[in-house]
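Here are a few notes to read alongside the model. Have a look at the fold first, then go through the points below.

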Amino acid sequence: MNSNEKQGMIYALFSYVIWGFLPIYWKEIQSVPPTQILGHRIIWSFVFMAVLIAFAGKFKTTYSILKGLMAKPKSLLLILSASSL
């Protein structure tokens with residue numbers, strides 16, 4: 001078994017464990033309003049991605065991409081529409 005296969009097996013096992021615990025998670029957050037859940041997901045996703053970009057050292061690349069998007073309103077609108085869906 002090569003390293004890619006081992007990595008795939010670990011990812012599969014991890015996903016099965018998550019899938020097994022997911023019903024418990026949904027039961028526990030049943031009383032939380034959906035808008036609050038959505039807000040937390042948006043904020044924490046942003047924080048996680050900012051940390052990931054920082055660790056990867058890609059701030060300049062990310063900034064240049066965002067700057068290029070601001071210059072193309074149609075592309076920006078399409079990306080915002082796709083991300084909201």
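1. Let's begin with the surface. In this predicted model, Leu38, Ile42, Ile43, Trp44, Phe46, Val47, Val51 and Phe55 make a nonpolar surface patch of about 920 Å².

2. Pick out isoleucine 43, one of the patch residues. Its place is in helix α2, which covers residues 34-56. Is isoleucine 43 buried or exposed? Its relative accessible area is 52%, and exposed means over 50%, so isoleucine 43 counts as exposed.

3. Now zoom out to the whole chain. The protein has four helices and zero strands, so reading from the N terminus you get α-α-α-α. The radius of gyration is 18 Å, well over the 12 Å that the globule rule gives for 85 residues, so the protein is more spread out than a compact globule. Along the principal axes, the C-alpha atoms fill a box of roughly 45 × 45 × 20 Å.

4. How much of the protein is buried? Buried residues make up 2% of the 85 residues. The protein exposes about 8,100 Å², and carbon and sulfur atoms supply 73% of that area.

5. Proline 73 and isoleucine 24 sit 49 residues apart in sequence. In space, their C-alpha atoms are 43 Å apart.

Key. Residues numbered from 1 in each chain as written. Predicted model: local features only at pLDDT ≥ 70, side-chain atom pairs only at ≥ 80, totals over all residues. Heavy atoms only, no water. Helix = DSSP H or I, 4+ residues; strand = E, 2+ residues; numbered from the N terminus. Rg over C-alpha atoms; globule rule 2.2 N^0.38 Å. Buried < 20%, exposed > 50% of the residue type's maximum accessible area, 1.4 Å probe, protein only. Areas by Shrake-Rupley, 256 points an atom, 1.4 Å probe, with all protein chains shown as cover. Patch = residues over 30% accessible without salt bridge, like charges linked within 9 Å, V, L, I, M, F, W, Y side chains within 5 Å. Salt bridge = Lys/Arg side-chain N within 4 Å of Asp/Glu carboxyl O.
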